[in-house]
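Please open the model in your viewer and keep the sequence panel beside it. We will go from stop to stop, selecting residues and reading what is there.

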Amino acid sequence: MDTVVLLSRLQFAFATFIHFIFVPLTLGLSIIVAVMETKYVRTKDETYKRMAKFWGRLFLINFALGVVTGITLEFQFGTNWSRYSAYVGDIFGSLLAIEATAAFFLESTFIAVWVFGWEKLSPKLHLTSIWLVAFASNLSAIWIILANGFMQHPVGYVIRNGRAELSSFIDVITNGYAWNQFLHVVTGALALAGFFVAGIAAWHLLRRQNVDFFSKSFRIGAAFALVFSVVVALVGHRQGNFVAELQPAKLAAMESHWTTEKSAPMYLLAIPDAANEGNSLAIGRIPAVLSLMAFNDPSATVKGLKDFPKEDRPPVGLTFVSFRLMIILGTLMILAGIMAYAVRKQPENAPGWLLRLLIWAIPLPYLGLQAGWAVAEVGRQPWIVYGLMRTKDAVSPLATSQVAISLAAFFIVYILLAVLDIFLLARYARKDPA
């Protein structure tokens with residue numbers, strides 16, 4: 001691989017993974033805070049008002065730092081991926097422009113209204129502002145994922161004058177692949193926010209601090225954690241159907257499936273061996289399960305990697321491991337969600353080991369979502385736009401030294417922002433709600 005392409009890919013991947021530390025908590029916690037304030041407006045229980053303020057403060061910290069990483073991330077389409085921008089900018093650029101001018105400004109405006117309007121607006125108007133923030137946050141995600149969905153499954157375009165031009169905006173915004181991808185992301189974000197709230201509440205309950213406040217927080221967090229851990233798995237299965245139909249090479253890499261066969265099996269453990277076009281180790285063969293999971297038909301034929309030209313195959317090892325990691329973490333999330341939900345009525349009386357377990361469960365959805373994005377993006381290679389434009393053809397004409405310097409700068413700044421986010425969230429999560 002060309003050094004400039006490799007470094008540009010590493011830079012964008014690193015920046016994206018750090019940015020995605022912030023994104024899911026913003027999406028999920030905005031809704032949980034809105035639910036808490038809704039309970040306050042309906043019940044007049046001041047505890048729910050204090051809950052909205054406490055968890056809203058953590059939301060604001062995460063949102064503010066996430067904005068910084070998101071803005072600089074988009075700059076790379078002009079600096080490192082200018083050929084990509086020139087080729088599909090008519091489509092991709094319009095979606096990002098709508099996200100910035102509509103969703104982001106709506107979100108930013110009503111965050112300010114929510115922060116400064118507690119004593120200036122009526123309770124119902126103030127509640128409306130946080131629901132608009134939650135709506136705008138998720139609306140922003142819709143436009144960004146529609147842009148990514150075009151990269152995964154390009155629709156609504158024609159090739160004219162040597163570039164892809166928009167032919168049907170309706171086709172682009174009704175892309176079924178993208179919408180299911182959005183549901184997969186947003187349900188994962190809601191599960192993450194649930195674990196975040198339940199885990200922090202568990203930390204306080206272990207210390208018998210503000211028991212009523214954090215018991216109520218725990219109940220909301222546990223419900224979100226369990227419900228959306230299950231829903232994200234169901235939506236993920238549907239996403240697998242889309243991949244099987246539209247990106248068969250990615251599916252084959254996800255399962256390290258080399259030979260085209262009917263009633264294709266799934267292996268619990270395998271070690272991909274791309275050099276010899278097979279697996280050096282395969283344990284736990286379950287007949288017909290891959291066909292069933294991919295096409296909802298145990299007798300369906302699944303295309304193997306050997307039937308794709310080598311230059312069109314994704315990196316098998318990383319795609320396979322990322323997919324397995326996502327499945328394992330998702331399963332652990334469901335189990336942890338069940339245990340949290342089982343003690344939701346009196347979490348203050350939950351066993352100490354369970355409360356400690358839920359604290360350590362906070363990273364599970366973070367890691368699961370990152371693994372899922374690794375599957376989506378690595379599994380799409382060698383295409384930047386699937387079947388339309390190769391990644392190596394999309395990079396800017398830059399010197400290796402230029403990309404190396406920018407990669408180092410991104411690494412330092414983004415690591416500092418991530419550390420600052422974790423530090424501030426941990427610091428303020430430990431504080432007394434008052």
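In which loop is asparagine 210 found? Select asparagine 210, and you will find it in the loop between helix 6 and helix 7, where helices (H or I, at least four residues) and strands (E, at least two) are DSSP runs, numbered from the N terminus. Before going further, note that this is a predicted model, in which local features need pLDDT of at least 70 and side-chain atom pairs count only at pLDDT 80 or more, while totals for chains, interfaces and linings use all residues. Residues are numbered from 1 along each chain as its sequence is written, and side-chain values use heavy atoms, with hydrogens and water left out.

**The loop between helix 6 and helix 7**

Asparagine 210 has a phi near 45 degrees, a positive value in a residue other than glycine. Now select arginine 208, which lies in the loop between helix 6 (176–206) and helix 7 (211–246) and has a positive phi near 55 degrees. Most residues other than glycine have a negative phi, and most peptide bonds are trans. Arginine 208 is partly exposed, with a relative accessible area of 48%, and asparagine 210 is partly exposed at 28%; buried means under 20% relative accessible area, exposed over 50%, and partly exposed in between (1.4 Å probe, protein chains only).

Proline 382 sits in the loop between helix 12 (363–378) and strand 7 (383–385).

**The nonpolar cores**

Now select Leu29, Trp55, Leu58, Tyr84, Phe196 and Phe218, the residues with the most contacts inside the largest nonpolar core, which has 106 residues. Such a core is a set of buried Ala, Val, Leu, Ile, Met, Phe, Trp, Tyr and Cys residues joined through side-chain atoms within 4.5 Å. Helix 1 (residues 3–43) gives the most to this core, with 20 residues. If you centre the view on tryptophan 55, you can look for the residues it touches, among them Leu29, Val33, Phe196 and Phe214, not counting residues up to four places away in sequence; a contact means heavy atoms within 4.5 Å. A second, separate core of 15 residues includes Ala264, Ala294, Phe323 and Val375.

**The second largest pocket**

Phe323 is also one of the residues nearest the centre of the second largest pocket, together with His184, Gly236, Met326 and Ile327, and 40 residues line this pocket. On a 1 Å grid over the protein atoms alone, a pocket is an open set of points where a 1.4 Å probe fits, with protein on both sides within 12 Å along at least five of seven lines, and lining residues have an atom within 4 Å of a point. Select helix 10 to see the largest share of this lining, 10 residues.

**The whole chain**

The C-alpha atoms fill a box of roughly 65 × 50 × 40 Å, taken along the principal axes, and 53% of the 434 residues count as buried.
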